[in-house]
Amino acid sequence: MANTPLVRVSIAENLRTPPDEASLTVGTTAKATTAKEAVAANKVKTERLLAAIRSAGIRERDIQTQGIQLSADYRWEQGTSGRDGRQVLVGYVAGNSVQIKTRDLDAVTGLLDSLTAAGADTIYGPTFAIADPSPLRREARLRAMARGEAEATEYARNNGFTRVRLLSVEEGVSYRGTDIVVTGSRIVNASAPPPPPPPPPAPERGGIVAPGQLETGVQLNMLYRMER
């Protein structure tokens, strides 16, 4: 082991790109004096909302019911003495929530207007994502492997060795919209690949929606043997 020591390096390589899809969860609610009437009234609102979603060009496979709710609706009545009271049942509240996905990010603001006009009572989102991060991860993997070998080689040369041989690789995946803090050595080597160029500026989208950028990448833990 002393003649051929080991060196372990941990490399995180991440690429920042604009998202290409967004998810929204929209819901409707309706109140009535009976549960049956509340469900029926909410059914009408839900059908109108689904029609608006389809009219906006959302594909059927990107429309999914998330939940159907029914709950009692109470009103608090204060007692005559002012120190006591009770809950009085006044009816029922029915609700339905639907998750939708769109790949037309430029139209998200208009989609929000259409959903509220169609009777949506609640809207959560948008949540941005990258539909297929595989090409980005492949590129990040290539960059991480090159950086790992460069750093391990630098350690080897600093200790009188000439090269390294890869023994093992462990990989983790990162996919997030905030900066990833990387710890560890930062050795600059002429053989290391240059950092990725800055992404082009995002096109003007207008409206109230700002997609920003997401980070997609990998974290590699690599073990090398130093050789002469």
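Is Arg 103 buried, partly exposed or exposed? Arg 103 counts as partly exposed, at 41% relative accessibility (buried is under 20% relative accessible area, exposed over 50%, partly exposed in between, with a 1.4 Å probe and protein chains only). Some notes on the rest follow.

1. Ground rules. This is a predicted model, where local features need pLDDT of at least 70 and side-chain atom pairs count only at pLDDT 80 or more, while totals for chains, interfaces and linings use all residues. Residues are numbered from 1 along each chain as its sequence is written, and side-chain values use heavy atoms, with hydrogens and water left out.

2. Layout. You'll find three helices and seven strands in the chain (DSSP runs numbered from the N terminus: H or I of at least four residues for helices, E of at least two for strands). Starting at the N terminus, the order reads β-β-α-β-β-α-β-α-β-β. The chain has 228 residues, of which 36% count as buried. Taking contacts between residues at least 6 apart in sequence, 84% join residues at least 24 apart (a contact is heavy atoms within 4.5 Å).

3. The Arg 103 pair. Arg 103 makes a salt bridge with Asp 62, with 3.1 Å between the closest N and O atoms (the rule is a side-chain nitrogen of Lys or Arg within 4 Å of a carboxyl oxygen of Asp or Glu). Asp 62 sits in the loop between α1 and β3 (63–78) and Arg 103 in the loop between β4 and α2, so the pair ties together parts 41 residues apart in sequence.

4. Other salt bridges. The count by this rule is 14. One of them joins Lys 43 to Glu 47, with the closest N and O atoms 2.5 Å apart. Both residues are in helix α1 (residues 35–55), four residues apart, or about one turn of the helix. As a reminder, an α-helix has 3.6 residues a turn, so residues three or four places apart point the same way. Lys 43 is partly exposed at 49%, and Glu 47 is partly exposed too, at 43%. Then there is Arg 86 with Glu 77, at 3.9 Å from N to O; Arg 86 is exposed at 51%, whereas Glu 77 is partly exposed at 28%.

5. Second largest pocket. Its space comes to about 150 Å³. For the record, a pocket is an open set of points on a 1 Å grid over the protein atoms alone, where a 1.4 Å probe fits, with protein on both sides within 12 Å along at least five of seven lines; lining residues have an atom within 4 Å of a point. The volume is the space filled by probe spheres set on the points. There are 13 lining residues, and Ala 56, Gly 57, Ile 58, Thr 102 and Asp 104 are the closest to the centre. β4 (85–102) and α2 (108–117) each supply at least two lining residues, with α2 giving the most, three. By type, the lining splits into five nonpolar, three polar and five charged residues.

6. Helix α3. This helix (residues 134–158) has 25 residues and spans 36 Å from first C-alpha to last, close to the 36 Å expected (1.5 Å times one less than the number of residues). Its buried residues include Arg 143, Arg 147, Glu 151 and Glu 154, along with Leu 136 and Ala 140. Just after α3, Gly 160 has a positive phi of about 85 degrees.

Methods. Nonpolar A, V, L, I, M, F, W, Y, C, P; charged D, E, K, R; others polar.
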